[in-house]
Amino acid sequence: MKDYFARSALYACLAIPLATLGAGMVHAADKTVAVTAIVEHPALDAVRDGVKEELKASGYEAGKNLKFEYQSAQGNTGTAAQIARKYAGDRPDVIVAIATPSAQAVVATTKTIPVVYSAVTDPVAAKLVGGWGPSGTNVTGVSDQSPLDKHIALIKQIVPKAARIGVIYSPGEANSVAIVEALRKAAAAADLKLVEGAAARTVDVPSAAQSLVGKVDAIYTPTDNNVMSAFEGIVRVAQQAKIPVIAADTGAVKRGAVAALGLNYHDLGRQTGKIAVRILKGEAPGNIASEMSSKFELHVNPDAAQKQGVALSDALLKSAAVVVK
């Protein structure tokens, strides 16, 4: 019994420094970066991973001197708002919001915590910032705006006789609406007619694709999160109807698009991470102008082209950064 009490006393003495050490480990992070995305799909996941990689390269490593938190809204705007409120309550050093709905939710929730948006096509139309220069607010970020004139040129290169282009988009996403408005002008300038297929929800995407059958010579898919989440549904329709699909997201090429001229979303994440690092080092987000990427890559998929009724020229294949096999 004496030995028992002696051992108990010893364990109690040891428990105090161990508990203190444990508490120190919990609070060891010098900085906190909270990341949220509207949904998980390859492009947005690549942005998240690029942000984390850039933070580490700049000396902020998760589990050492950085607390890195990530939450996906799983395509639900209500969930995006809940995540935004949680992050606002946690008060991290920086919130990185990936894609328009998540960025809008976060910006609507906090006017003091630094917010860095990413993969937002038109931050002005989405009312995240008032213009492309320094915002003077708590918001800055990186746009994934697409070169629509080059996309039109790519469509005409793949389908030289194309007269009508179909576009599938989410009418509830501000950036997608802005893209379609700009695409109308770009198509008209190239003597092409634009036919729209609206998909309010992810489950509506295949039926939107089906609505274009017999009306278009090619289908264009913008960087729309609903569309990309259900992209395989578009590919199935395109293969059955022999309509080539050309995308703005290069990740879509592995999933069955004929071609895409787009950003490397991992690089976009690294670019976003650089802005987050500047803020962590003390720079005010309102003094940092919104950025765009100028690096675009052509990815092509000859097998998908054959299944969708077109052939890719040797010149196009040679100009591609990636040929999916």
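Helices (DSSP runs of H or I, at least four residues) and strands (runs of E, at least two) are numbered from the N terminus. On this basis, the secondary structure of the chain comes to 13 helices and 13 strands. The model is a predicted one, in which local features need pLDDT of at least 70 and side-chain atom pairs count only at pLDDT 80 or more, while totals for chains, interfaces and linings use all residues. Residues are numbered from 1 along each chain as its sequence is written, and side-chain values use heavy atoms, with hydrogens and water left out.

The C-alpha trace spans about 95 × 50 × 35 Å along its principal axes. Of the 325 residues in the chain, 51% are buried (under 20% relative accessible area, with a 1.4 Å probe and protein chains only).

What lies inside? A nonpolar core is a set of buried Ala, Val, Leu, Ile, Met, Phe, Trp, Tyr and Cys residues joined through side-chain atoms within 4.5 Å. The largest such core has 50 residues, and Val33, Leu55, Val94, Val96, Ile98 and Tyr265 have the most contacts inside it. Helix 11 (residues 265-280) gives this core its largest share, seven residues. A second, separate core holds 32 residues, including Leu148, Ile179, Leu298 and Ala305. In soluble globular proteins, nonpolar side chains tend to be buried together.

Beyond its neighbours within four places in sequence, Val94 touches Thr32, Val33, Ala34, Pro114, Val116, Ala276, Ile279 and Leu280. Across the chain, 70% of the contacts between residues at least 6 apart in sequence join residues at least 24 apart.

Conventions:
Contact means heavy atoms within 4.5 Å.
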